[in-house]
Amino acid sequence: MEESDIKITVKFTTQSIPITISHDSTVQRLKTILLPLTSIFPPGQKLIFKGQLLENDKSLRESGVNNGAKIMLVGTRGFFRWDGPTIGGAPNRIASMRGRAPGRFASTIGGAPSRFASTIGGTPSQIASTIGGAPSRFASTIGGVPSRFASTKKNIKVEKSRTERWKATNIVALAECNLKDIPDEVWPCAPFIRILDVSHNSIQHVPDRIDCLTGLRKLYLNGNALSDESISWQRLTSLKLLQVLFLSRNCLNTLPSTLGLLTSLQQLHVANNLLTALPIEIGNLTELEILKVNNNRISSIPSTIGNCTSLVEVDLSSNHLSELPDEFCSLHNLKALYISNNAMKSLPNSFFMMCTQLSILDHHHTEITMDTLWQCDGWEDFEERRRAKRRKRK
(Lines give C-alpha, C1' and ligand atoms only; values in the text may rest on other atoms or scores of the structure.)
Protein backbone atom coordinates (compact mmCIF):
# COMPACT_ATOMS: atom_id res chain seq x y z
CA MET A 1 0.00 0.00 0.00
CA GLU A 2 1.36 3.44 -0.97
CA GLU A 3 2.02 5.95 1.77
CA SER A 4 -0.83 8.14 0.54
CA ASP A 5 -3.31 5.24 0.30
CA ILE A 6 -6.13 4.73 2.77
CA LYS A 7 -8.36 1.77 3.52
CA ILE A 8 -12.12 2.38 3.62
CA THR A 9 -15.25 0.23 3.78
CA VAL A 10 -18.25 0.84 1.53
CA LYS A 11 -21.57 -0.47 2.86
CA PHE A 12 -23.96 -1.53 0.10
CA THR A 13 -27.14 -3.46 1.01
CA THR A 14 -25.79 -6.39 3.03
CA GLN A 15 -22.25 -6.12 1.63
CA SER A 16 -19.20 -4.57 3.23
CA ILE A 17 -16.75 -3.77 0.43
CA PRO A 18 -13.13 -3.09 1.52
CA ILE A 19 -11.26 -0.68 -0.77
CA THR A 20 -7.71 0.64 -0.77
CA ILE A 21 -7.46 3.97 -2.59
CA SER A 22 -5.29 7.06 -2.73
CA HIS A 23 -6.29 9.69 -0.19
CA ASP A 24 -6.16 12.24 -3.01
CA SER A 25 -8.51 10.33 -5.31
CA THR A 26 -11.75 12.03 -6.18
CA VAL A 27 -15.16 10.73 -5.18
CA GLN A 28 -15.81 10.17 -8.89
CA ARG A 29 -12.77 7.87 -9.02
CA LEU A 30 -14.15 5.89 -6.06
CA LYS A 31 -17.45 5.47 -7.90
CA THR A 32 -15.61 4.15 -10.94
CA ILE A 33 -13.87 1.55 -8.76
CA LEU A 34 -17.24 0.54 -7.31
CA LEU A 35 -18.78 -0.04 -10.76
CA PRO A 36 -17.49 -3.62 -11.30
CA LEU A 37 -18.04 -4.44 -7.61
CA THR A 38 -21.68 -3.36 -7.45
CA SER A 39 -22.85 -3.27 -11.07
CA ILE A 40 -24.12 0.28 -10.51
CA PHE A 41 -22.90 2.92 -12.91
CA PRO A 42 -21.38 6.04 -11.31
CA PRO A 43 -24.31 8.34 -12.21
CA GLY A 44 -26.56 6.08 -10.14
CA GLN A 45 -24.32 5.96 -7.08
CA LYS A 46 -24.89 8.14 -4.03
CA LEU A 47 -22.07 7.95 -1.48
CA ILE A 48 -22.96 9.15 2.00
CA PHE A 49 -20.40 9.85 4.73
CA LYS A 50 -21.37 11.15 8.17
CA GLY A 51 -24.79 12.09 6.85
CA GLN A 52 -23.39 14.15 3.98
CA LEU A 53 -23.60 13.37 0.27
CA LEU A 54 -20.07 13.24 -1.18
CA GLU A 55 -19.42 15.48 -4.18
CA ASN A 56 -17.89 13.92 -7.30
CA ASP A 57 -15.18 16.51 -7.93
CA LYS A 58 -13.84 16.65 -4.38
CA SER A 59 -10.99 14.45 -3.21
CA LEU A 60 -11.49 11.99 -0.36
CA ARG A 61 -9.05 14.04 1.69
CA GLU A 62 -11.04 17.21 1.10
CA SER A 63 -14.28 15.38 1.90
CA GLY A 64 -12.92 14.37 5.31
CA VAL A 65 -12.74 10.67 4.40
CA ASN A 66 -9.76 9.22 6.22
CA ASN A 67 -8.25 5.80 6.83
CA GLY A 68 -10.80 3.36 8.30
CA ALA A 69 -13.81 5.42 7.21
CA LYS A 70 -17.14 3.74 6.47
CA ILE A 71 -19.20 5.06 3.57
CA MET A 72 -22.76 4.08 2.67
CA LEU A 73 -23.64 3.49 -0.99
CA VAL A 74 -27.18 4.00 -2.21
CA GLY A 75 -27.85 2.77 -5.74
CA THR A 76 -30.36 4.72 -7.79
CA ARG A 77 -32.84 2.52 -9.58
CA GLY A 78 -32.42 2.49 -13.31
CA PHE A 79 -28.63 2.62 -13.22
CA PHE A 80 -28.08 -1.06 -12.38
CA ARG A 81 -26.16 -2.94 -15.02
CA TRP A 82 -28.45 -5.72 -16.33
CA ASP A 83 -26.99 -8.73 -18.00
CA GLY A 84 -30.24 -10.61 -18.63
CA PRO A 85 -31.14 -14.18 -17.62
CA THR A 86 -28.17 -16.49 -17.24
CA ILE A 87 -27.83 -20.24 -17.29
CA GLY A 88 -28.13 -21.51 -13.77
CA GLY A 89 -28.97 -18.02 -12.51
CA ALA A 90 -32.21 -16.42 -11.47
CA PRO A 91 -34.79 -16.75 -14.27
CA ASN A 92 -36.70 -13.74 -15.49
CA ARG A 93 -40.28 -13.07 -14.52
CA ILE A 94 -41.87 -14.94 -17.37
CA ALA A 95 -39.58 -17.93 -17.20
CA SER A 96 -40.46 -21.30 -15.80
CA MET A 97 -39.13 -22.21 -12.34
CA ARG A 98 -38.65 -25.41 -10.43
CA GLY A 99 -39.47 -25.52 -6.77
CA ARG A 100 -40.15 -21.77 -6.52
CA ALA A 101 -43.20 -19.63 -6.35
CA PRO A 102 -44.75 -19.79 -9.84
CA GLY A 103 -44.93 -16.71 -12.02
CA ARG A 104 -47.95 -15.69 -13.99
CA PHE A 105 -47.04 -17.82 -16.99
CA ALA A 106 -44.89 -20.49 -15.33
CA SER A 107 -45.63 -24.11 -14.67
CA THR A 108 -44.59 -25.56 -11.32
CA ILE A 109 -43.82 -28.97 -9.87
CA GLY A 110 -45.50 -29.45 -6.56
CA GLY A 111 -46.42 -25.77 -6.25
CA ALA A 112 -49.73 -24.01 -6.54
CA PRO A 113 -50.41 -23.60 -10.25
CA SER A 114 -51.06 -20.15 -11.70
CA ARG A 115 -53.97 -19.64 -14.03
CA PHE A 116 -51.83 -20.53 -17.00
CA ALA A 117 -49.81 -23.31 -15.40
CA SER A 118 -50.19 -27.04 -15.68
CA THR A 119 -50.43 -29.33 -12.65
CA ILE A 120 -49.24 -32.85 -11.99
CA GLY A 121 -52.11 -35.20 -11.77
CA GLY A 122 -54.64 -32.48 -12.49
CA THR A 123 -56.52 -31.55 -15.59
CA PRO A 124 -54.48 -29.16 -17.64
CA SER A 125 -56.16 -25.97 -18.71
CA GLN A 126 -56.72 -25.07 -22.30
CA ILE A 127 -53.54 -23.08 -22.50
CA ALA A 128 -51.44 -24.99 -19.97
CA SER A 129 -48.47 -27.12 -20.77
CA THR A 130 -48.28 -30.79 -19.76
CA ILE A 131 -45.37 -32.88 -18.64
CA GLY A 132 -44.06 -34.64 -21.68
CA GLY A 133 -46.74 -33.10 -23.87
CA ALA A 134 -46.67 -30.41 -26.50
CA PRO A 135 -45.97 -27.03 -25.03
CA SER A 136 -48.65 -24.40 -25.14
CA ARG A 137 -48.17 -20.87 -26.35
CA PHE A 138 -47.46 -19.48 -22.89
CA ALA A 139 -45.91 -22.24 -20.80
CA SER A 140 -42.63 -24.05 -20.78
CA THR A 141 -42.44 -27.82 -20.64
CA ILE A 142 -40.16 -30.35 -19.04
CA GLY A 143 -38.42 -32.17 -21.82
CA GLY A 144 -40.35 -30.30 -24.46
CA VAL A 145 -39.59 -27.42 -26.73
CA PRO A 146 -39.61 -24.07 -24.89
CA SER A 147 -42.20 -21.53 -25.90
CA ARG A 148 -41.31 -18.03 -26.94
CA PHE A 149 -42.06 -16.66 -23.45
CA ALA A 150 -40.21 -19.25 -21.34
CA SER A 151 -36.55 -19.66 -20.57
CA THR A 152 -35.00 -23.11 -20.43
CA LYS A 153 -31.66 -24.56 -19.57
CA LYS A 154 -30.75 -24.22 -23.23
CA ASN A 155 -31.63 -20.57 -23.46
CA ILE A 156 -29.15 -18.13 -24.92
CA LYS A 157 -27.73 -15.55 -22.53
CA VAL A 158 -29.37 -12.23 -23.29
CA GLU A 159 -27.14 -9.27 -22.57
CA LYS A 160 -26.00 -6.05 -24.06
CA SER A 161 -22.52 -6.06 -25.47
CA ARG A 162 -20.12 -3.80 -23.68
CA THR A 163 -19.99 -1.47 -26.67
CA GLU A 164 -23.76 -1.05 -26.44
CA ARG A 165 -23.41 -0.25 -22.73
CA TRP A 166 -20.70 2.28 -23.51
CA LYS A 167 -22.98 3.99 -26.01
CA ALA A 168 -25.92 3.95 -23.60
CA THR A 169 -24.01 5.30 -20.59
CA ASN A 170 -21.35 7.40 -22.38
CA ILE A 171 -18.82 5.75 -20.04
CA VAL A 172 -16.00 3.37 -20.96
CA ALA A 173 -14.87 1.81 -17.67
CA LEU A 174 -11.81 -0.39 -18.26
CA ALA A 175 -9.76 0.27 -15.13
CA GLU A 176 -7.67 -2.63 -13.82
CA CYS A 177 -8.32 -4.89 -16.81
CA ASN A 178 -4.70 -5.89 -17.49
CA LEU A 179 -4.72 -3.96 -20.76
CA LYS A 180 -1.59 -3.27 -22.78
CA ASP A 181 -3.42 -1.11 -25.30
CA ILE A 182 -6.68 0.76 -25.50
CA PRO A 183 -9.05 -1.79 -27.14
CA ASP A 184 -9.88 -1.20 -30.81
CA GLU A 185 -13.60 -1.50 -30.07
CA VAL A 186 -13.46 1.80 -28.19
CA TRP A 187 -12.89 3.94 -31.27
CA PRO A 188 -16.14 3.17 -33.19
CA CYS A 189 -18.00 4.36 -30.06
CA ALA A 190 -16.14 7.68 -30.08
CA PRO A 191 -19.14 9.99 -30.72
CA PHE A 192 -20.86 8.63 -27.60
CA ILE A 193 -17.97 8.59 -25.12
CA ARG A 194 -17.81 11.27 -22.45
CA ILE A 195 -15.66 9.40 -19.88
CA LEU A 196 -12.78 7.05 -20.71
CA ASP A 197 -11.19 5.25 -17.77
CA VAL A 198 -8.27 2.96 -18.64
CA SER A 199 -6.40 3.59 -15.41
CA HIS A 200 -4.28 1.04 -13.54
CA ASN A 201 -3.38 -1.09 -16.53
CA SER A 202 -0.11 -1.61 -18.42
CA ILE A 203 -0.80 0.72 -21.32
CA GLN A 204 2.38 2.05 -22.94
CA HIS A 205 0.94 4.01 -25.86
CA VAL A 206 -1.85 6.52 -26.45
CA PRO A 207 -2.58 6.32 -30.18
CA ASP A 208 -3.24 9.14 -32.63
CA ARG A 209 -6.86 8.04 -32.76
CA ILE A 210 -7.41 9.61 -29.34
CA ASP A 211 -8.41 12.78 -31.20
CA CYS A 212 -11.59 11.12 -32.47
CA LEU A 213 -13.04 11.34 -28.93
CA THR A 214 -14.27 14.85 -29.65
CA GLY A 215 -16.93 14.79 -26.93
CA LEU A 216 -14.64 13.48 -24.19
CA ARG A 217 -14.93 15.25 -20.83
CA LYS A 218 -12.86 13.03 -18.51
CA LEU A 219 -9.79 10.94 -19.34
CA TYR A 220 -8.18 8.59 -16.79
CA LEU A 221 -4.74 7.35 -17.89
CA ASN A 222 -3.20 7.16 -14.41
CA GLY A 223 -1.37 4.08 -13.19
CA ASN A 224 0.01 2.92 -16.53
CA ALA A 225 3.48 2.84 -18.13
CA LEU A 226 3.29 5.99 -20.26
CA SER A 227 6.41 7.95 -21.19
CA ASP A 228 6.83 11.28 -22.99
CA GLU A 229 7.19 9.61 -26.38
CA SER A 230 4.24 7.26 -25.95
CA ILE A 231 1.60 10.01 -25.87
CA SER A 232 0.49 11.75 -29.03
CA TRP A 233 0.22 15.14 -27.31
CA GLN A 234 -0.76 17.02 -30.46
CA ARG A 235 -3.78 14.74 -30.86
CA LEU A 236 -4.55 14.61 -27.13
CA THR A 237 -4.57 18.38 -26.78
CA SER A 238 -7.06 18.68 -29.63
CA LEU A 239 -9.78 17.47 -27.22
CA LYS A 240 -11.23 20.92 -26.65
CA LEU A 241 -14.00 19.77 -24.29
CA LEU A 242 -11.72 17.83 -21.94
CA GLN A 243 -12.27 18.90 -18.33
CA VAL A 244 -10.46 16.23 -16.26
CA LEU A 245 -7.10 14.66 -17.13
CA PHE A 246 -5.43 12.02 -14.92
CA LEU A 247 -1.84 11.12 -15.81
CA SER A 248 -0.55 10.32 -12.31
CA ARG A 249 1.71 7.32 -11.64
CA ASN A 250 3.33 7.08 -15.05
CA CYS A 251 6.88 7.75 -16.31
CA LEU A 252 6.56 11.30 -17.64
CA ASN A 253 9.62 13.56 -17.60
CA THR A 254 8.06 16.64 -19.19
CA LEU A 255 4.72 18.18 -20.03
CA PRO A 256 4.62 19.79 -23.51
CA SER A 257 3.76 23.40 -24.29
CA THR A 258 0.70 22.14 -26.15
CA LEU A 259 -0.84 21.38 -22.76
CA GLY A 260 -1.93 25.01 -22.80
CA LEU A 261 -4.34 24.21 -25.62
CA LEU A 262 -6.63 22.30 -23.22
CA THR A 263 -8.40 25.52 -22.23
CA SER A 264 -11.48 23.72 -20.86
CA LEU A 265 -9.40 21.73 -18.38
CA GLN A 266 -10.64 21.94 -14.78
CA GLN A 267 -8.52 19.21 -13.19
CA LEU A 268 -4.96 18.18 -13.99
CA HIS A 269 -3.46 15.24 -12.09
CA VAL A 270 0.19 14.45 -12.90
CA ALA A 271 1.43 13.30 -9.49
CA ASN A 272 4.02 10.55 -9.06
CA ASN A 273 5.92 11.05 -12.28
CA LEU A 274 9.46 12.29 -13.03
CA LEU A 275 8.60 15.88 -13.92
CA THR A 276 11.23 18.57 -13.37
CA ALA A 277 9.15 21.58 -14.44
CA LEU A 278 5.75 22.80 -15.56
CA PRO A 279 5.38 24.49 -18.97
CA ILE A 280 4.83 28.26 -18.92
CA GLU A 281 1.76 27.61 -21.07
CA ILE A 282 0.01 26.27 -17.97
CA GLY A 283 -1.04 29.88 -17.52
CA ASN A 284 -3.47 29.41 -20.41
CA LEU A 285 -5.54 27.00 -18.30
CA THR A 286 -7.72 29.71 -16.81
CA GLU A 287 -10.53 27.25 -16.00
CA LEU A 288 -8.22 24.98 -13.97
CA GLU A 289 -9.54 24.34 -10.44
CA ILE A 290 -7.43 21.41 -9.20
CA LEU A 291 -3.72 20.95 -9.89
CA LYS A 292 -1.96 17.86 -8.48
CA VAL A 293 1.76 17.69 -9.27
CA ASN A 294 2.97 16.15 -6.00
CA ASN A 295 5.75 13.55 -5.85
CA ASN A 296 7.81 14.79 -8.77
CA ARG A 297 11.18 16.58 -9.12
CA ILE A 298 9.95 20.09 -9.82
CA SER A 299 12.33 22.82 -8.69
CA SER A 300 10.38 25.92 -9.74
CA ILE A 301 6.87 27.02 -10.61
CA PRO A 302 6.40 29.36 -13.62
CA SER A 303 5.11 32.84 -12.86
CA THR A 304 2.29 32.26 -15.36
CA ILE A 305 0.59 30.18 -12.66
CA GLY A 306 -0.86 33.49 -11.53
CA ASN A 307 -3.16 33.44 -14.57
CA CYS A 308 -4.88 30.29 -13.30
CA THR A 309 -7.21 32.31 -11.10
CA SER A 310 -9.85 29.53 -10.91
CA LEU A 311 -7.52 27.30 -8.91
CA VAL A 312 -9.10 26.02 -5.69
CA GLU A 313 -6.66 23.27 -4.72
CA VAL A 314 -2.95 22.93 -5.50
CA ASP A 315 -0.74 20.05 -4.36
CA LEU A 316 2.98 20.69 -4.80
CA SER A 317 4.15 18.40 -2.01
CA SER A 318 7.23 16.17 -2.28
CA ASN A 319 9.10 18.15 -4.92
CA HIS A 320 12.35 20.17 -4.96
CA LEU A 321 10.82 23.61 -4.48
CA SER A 322 12.63 26.35 -2.56
CA GLU A 323 10.09 29.12 -3.20
CA LEU A 324 6.84 30.09 -4.88
CA PRO A 325 6.61 32.97 -7.36
CA ASP A 326 4.98 36.20 -6.17
CA GLU A 327 2.32 35.68 -8.82
CA PHE A 328 0.99 32.84 -6.67
CA CYS A 329 -0.71 35.56 -4.63
CA SER A 330 -3.08 36.14 -7.57
CA LEU A 331 -4.88 32.87 -6.83
CA HIS A 332 -7.76 34.56 -5.00
CA ASN A 333 -9.97 31.45 -5.08
CA LEU A 334 -7.35 29.12 -3.60
CA LYS A 335 -8.72 27.13 -0.66
CA ALA A 336 -6.11 24.39 -0.17
CA LEU A 337 -2.35 24.40 -0.68
CA TYR A 338 -0.08 21.40 -0.02
CA ILE A 339 3.68 22.14 -0.03
CA SER A 340 5.01 19.56 2.45
CA ASN A 341 8.36 17.84 1.84
CA ASN A 342 9.99 20.73 -0.01
CA ALA A 343 12.99 22.95 0.76
CA MET A 344 10.89 26.08 1.20
CA LYS A 345 11.73 28.64 3.89
CA SER A 346 8.95 31.16 3.31
CA LEU A 347 5.86 32.09 1.33
CA PRO A 348 5.35 35.18 -0.85
CA ASN A 349 4.93 38.31 1.27
CA SER A 350 1.32 39.07 0.40
CA PHE A 351 0.20 35.45 0.24
CA PHE A 352 -2.23 35.41 3.20
CA MET A 353 -3.47 38.93 2.45
CA MET A 354 -4.34 38.10 -1.18
CA CYS A 355 -5.48 34.47 -0.90
CA THR A 356 -8.46 35.23 1.30
CA GLN A 357 -10.24 31.92 0.64
CA LEU A 358 -7.38 29.77 1.89
CA SER A 359 -8.31 27.48 4.79
CA ILE A 360 -5.91 24.53 4.33
CA LEU A 361 -2.11 24.87 4.34
CA ASP A 362 0.10 21.80 4.72
CA HIS A 363 3.74 22.84 5.16
CA HIS A 364 5.02 19.84 7.13
CA HIS A 365 8.67 18.92 6.58
CA THR A 366 9.61 22.29 5.14
CA GLU A 367 11.82 24.98 6.65
CA ILE A 368 8.86 27.31 7.12
CA THR A 369 8.59 27.88 10.87
CA MET A 370 5.58 29.02 12.84
CA ASP A 371 7.51 32.14 13.83
CA THR A 372 7.79 32.99 10.13
CA LEU A 373 4.08 32.46 9.57
CA TRP A 374 3.00 34.50 12.59
CA GLN A 375 4.83 37.48 11.14
CA CYS A 376 2.94 37.29 7.83
CA ASP A 377 0.19 39.83 7.23
CA GLY A 378 -3.17 38.08 7.08
CA TRP A 379 -2.05 35.03 9.11
CA GLU A 380 -4.62 35.59 11.86
CA ASP A 381 -7.48 35.71 9.36
CA PHE A 382 -6.22 32.49 7.80
CA GLU A 383 -6.06 30.84 11.22
CA GLU A 384 -9.68 31.77 11.89
CA ARG A 385 -10.80 30.25 8.57
CA ARG A 386 -8.78 27.11 9.29
CA ARG A 387 -10.37 26.68 12.72
CA ALA A 388 -13.85 27.31 11.32
CA LYS A 389 -13.33 24.62 8.69
CA ARG A 390 -12.18 22.12 11.31
CA ARG A 391 -15.20 22.89 13.50
CA LYS A 392 -17.49 22.38 10.52
CA ARG A 393 -15.97 18.95 9.81
CA LYS A 394 -16.63 17.85 13.38
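Predicted model: local features only at pLDDT ≥ 70, side-chain atom pairs only at ≥ 80, totals over all residues.
User: Where is serine 318 found, and what is the phi of serine 318?
Analyst: Serine 318 is found in the loop between strand E12 (313–315) and strand E13 (336–338). With a relative accessible area of 23%, serine 318 is partly exposed. Although serine 318 is not a glycine, its phi is positive, at about 60°.

User: How many helices and strands are there in the protein chain?
Analyst: The protein chain has 394 residues, of which 47% count as buried. The chain exposes about 20000 Å², with 49% supplied by carbon and sulfur atoms. Its elements are 6 helices and 14 strands.

User: In what order do the 9 strands of the open sheet stand, and which are the edge strands?
Analyst: The pairing in this open sheet of 9 strands is parallel, and the order is E6-E7-E8-E9-E10-E11-E12-E13-E14. From one strand to the next, the twist averages 5°. Each edge strand pairs on one side only, and these are strand E6 (171–173) and strand E14 (360–362).

User: Over how many bridges do strands E10 and E11 pair, and which residue in E11 stands opposite histidine 269?
Analyst: Strand E10 covers residues 267–269 and strand E11 covers residues 290–292; they pair in the parallel sense over 3 bridges. The residue in E11 that stands opposite histidine 269 is lysine 292.

User: What do strands E1 and E2 form, and which residue in the turn has a positive phi?
Analyst: Strand E1 (residues 5–12) and strand E2 (residues 15–22) run antiparallel and are joined by 8 bridges. E1 and E2 form a hairpin with 2 residues between them, and the turn residue with a positive phi, of about 50°, is threonine 13.

User: Which residue in E5 is the bridge partner of valine 10, and which is the bridge partner of isoleucine 48?
Analyst: E1 and strand E5 (residues 70–75) run parallel and are joined by 3 bridges. Strand E3 (residues 45–49) pairs with E5 in the antiparallel sense, over 4 bridges. The bridge partner of valine 10 in E5 is isoleucine 71, and that of isoleucine 48 is methionine 72.

User: Is isoleucine 203 buried or exposed?
Analyst: Isoleucine 203 lies in the loop between strand E7 (195–197) and strand E8 (218–220). Leaving aside neighbours within four places in sequence, isoleucine 203 is in contact with residues including Leu179, Ile182, Val198, Ala225 and Leu226. Its relative accessibility is 0%, and therefore isoleucine 203 counts as buried.

User: How far apart in space are isoleucine 203 and asparagine 222, C-alpha to C-alpha?
Analyst: In sequence, isoleucine 203 and asparagine 222 are 19 residues apart. In space, their C-alpha to C-alpha separation is 9.7 Å.

User: Which residues touch the most other members of the largest nonpolar core?
Analyst: The largest nonpolar core holds 68 residues, and those that touch the most other members are Leu291, Leu316, Phe328, Leu337, Leu347, Phe351 and Phe352. The elements giving two or more residues to this core are helix H3 (233–236), helix H4 (351–354) and helix H6 (379–393). A second, separate core of 20 residues includes Leu47, Leu60, Ala69 and Ile71. In the largest core, then, one of the residues asked for is Leu316, and beyond four places in sequence leucine 316 touches residues including Val293, Ile301, Leu321, Phe328 and Leu337.

Methods: Residues numbered from 1 in each chain as written. Heavy atoms only, no water. Pairing = 2+ DSSP bridges. Core = buried A, V, L, I, M, F, W, Y, C linked by side-chain atoms within 4.5 Å. Buried < 20%, exposed > 50% of the residue type's maximum accessible area, 1.4 Å probe, protein only. Contact = heavy atoms within 4.5 Å. Axes fitted to C-alpha atoms, helices over the stretch in contact; angles between N-to-C directions. Areas by Shrake-Rupley, 256 points an atom, 1.4 Å probe, with all protein chains shown as cover.
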